[in-house]
Amino acid sequence: MSFLASDALHGRGSATRDEHLAALYAASLLRSFGLDPLPSVAQEDDGYVQRGQMPASLPNGVLRYLKHLGTDGEARPYTWNAMALLRGSDWKDGAHNPVILLTAHLDHLGMGTPVNGDAIYNGADDDASGTIAVLELARALSQGPRPRRSILFVLFGSEELGGFGDRWFLDHSPVPLTDIVTNLEFEMIGRPDPKLPQRTLWLTGYNRSNLGPMLASHGAAISADPHPEEHFFRRSDNYNLAVRGIVAQTVSSFGLHKDYHQPSDEISRIDFDFLTHSINSMIAPVRWLADTQWKPQWNVGGQPQPRK
Ligand SMILES: [Zn+2]
C-alpha cells in the first residue's frame, strides 16, 4: 500500500501511465499467489492485465471535473484492469462455473491543483485501501483448501472518471456475466466510520438484496450504510455491474472525512489497525460465500434499472 499511495505513483491518475504501473504491480502480486491468468481477455502481462479502450471524448461533466482539478490536458487513450482467477474445486472446463467477483479500483485523481503546496492526490483511502483488501483476500484465499466456487479478483482502472475499467470488463469479461454469483467492491476501508460501532464496515444498498444480512450472519461485521443521502450505492464500480443484473454492492467505512478527493488523502492518515482488522474480518465470510451453493438475490425493487 505504501507503493500504491506513494508520491512516486503520482496519485494513479485514471487511464495514465501511473494507473498502468499500479495495474502491473497488482498483477505481479496476483501472479505470485499462484492464481490463474485470463489470457482470453487480458492481453498484457501474460494474461493478468486487461487493457481497455477509453472513449475518444469524455462526458462533459467529467471534463469539467478534470478542469477543476487541473488535470484536463492529459491524453487518456487506455485504461487497465488487473485480474486473476482462483479456480474452485468444482471447476469444470467448458461448463458454466459459478464465480464470486471481488473488486476495487486502482486509479485515483493523479496530479492536480495544489492544496497547501501538495499537488499529488495520493488516494490512500480512495482506493489504495480497497485495492490492498482485494490483494490480501486473494493472498489468504489462495492458501489452504480450494473453495468450491471460483473467485475472480479484478482491480479496475478509471473508476474515478465514471467506471470505464469496469465497463470494459463487463463488455470483455473472461467469464459469462450470468456465471457471476455476486460482486463485492471494496472502497475506502482505511479509516473507521465514527457513525458505526468499532471495527464495523458498511455495505452500500444493504436493503437492496439479501447479501449483506447473509454475510453478517456468517461473521462479517457489516451493517447498513449510515449515509443513505450520499447515494454511495451508485457511486462505485458495483453500480455498472448491478445495472447488468449482478448482485453487486460495495463494502466501505468511509465516514465522510474531509480528505476525500484531496491531496491530503495520504497514507499517514490510514488507520492500519482498523484496515488490517477489516480485511481479516472478511476472509471467513468470503470463504463461506465461495464454499456454499447459496446465491444472493435482489429484494423486490432492489435492482437498479439502466439509465435511459
Ligand atoms: Zn473510490
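**Helix packing and burial**

Tutor: Helix 3 and helix 7 pack with their axes 10 Å apart, at an angle of about 45°. Axes are lines fitted to C-alpha atoms, for helices over the stretch in contact, and angles run from 0 to 180 degrees between N-to-C directions. Helix 3 is therefore oblique to helix 7; angles under 35 degrees count as roughly parallel, over 145 as roughly antiparallel, 65 to 115 as roughly perpendicular and the rest as oblique. The contact involves Ser 129, Ala 133, Glu 136, Leu 137, Ala 140 and Leu 141 of helix 3, and Leu 275, Ile 279, Met 282, Ile 283, Val 286 and Arg 287 of helix 7. Contact requires C-beta atoms, placed from the backbone, within 7 Å.

Student: On what kind of model does this rest?

Tutor: This is a predicted model, in which local features need pLDDT of at least 70 and side-chain atom pairs count only at pLDDT 80 or more, while totals for chains, interfaces and linings use all residues. Residues are numbered from 1 along each chain as its sequence is written. Helices (H or I, at least four residues) and strands (E, at least two) are DSSP runs, numbered from the N terminus.

Student: Where does helix 7 bend?

Tutor: The bend at a residue is the angle between axes fitted to the seven residues ending there and the seven starting there. In helix 7 a kink of about 25° lies at Ile 283, shortly before Pro 285. Helix 7 comprises residues 272–291 and reaches 29 Å between its end C-alpha atoms, close to the 28 Å expected; the expected span is 1.5 Å times one less than the number of residues.

Student: Which residues of helix 7 are buried?

Tutor: A residue is buried if 20 or more other C-beta atoms lie within 10 Å of its own, exposed if 12 or fewer, and partly exposed in between. The buried residues of helix 7 include Phe 274, Leu 275, Ile 279 and Met 282. Strand 3, helix 3, strand 6 and strand 8 pack against the buried residues of helix 7.

Student: Is Arg 191 buried or exposed?

Tutor: Arg 191, in the loop between strand 7 and strand 8, counts as buried because it has 20 C-beta neighbours inside 10 Å. Among the residues it touches are Asp 125, Ile 270 and Phe 274.

Student: And is Gly 301 buried or exposed?

Tutor: Gly 301 is exposed, because 9 other C-beta atoms lie within 10 Å. Gly 301 belongs to the segment after helix 7.

Note on methods
Contact = placed C-beta atoms within 7 Å. Lists of a residue's contacts leave out its neighbours within four places in sequence.
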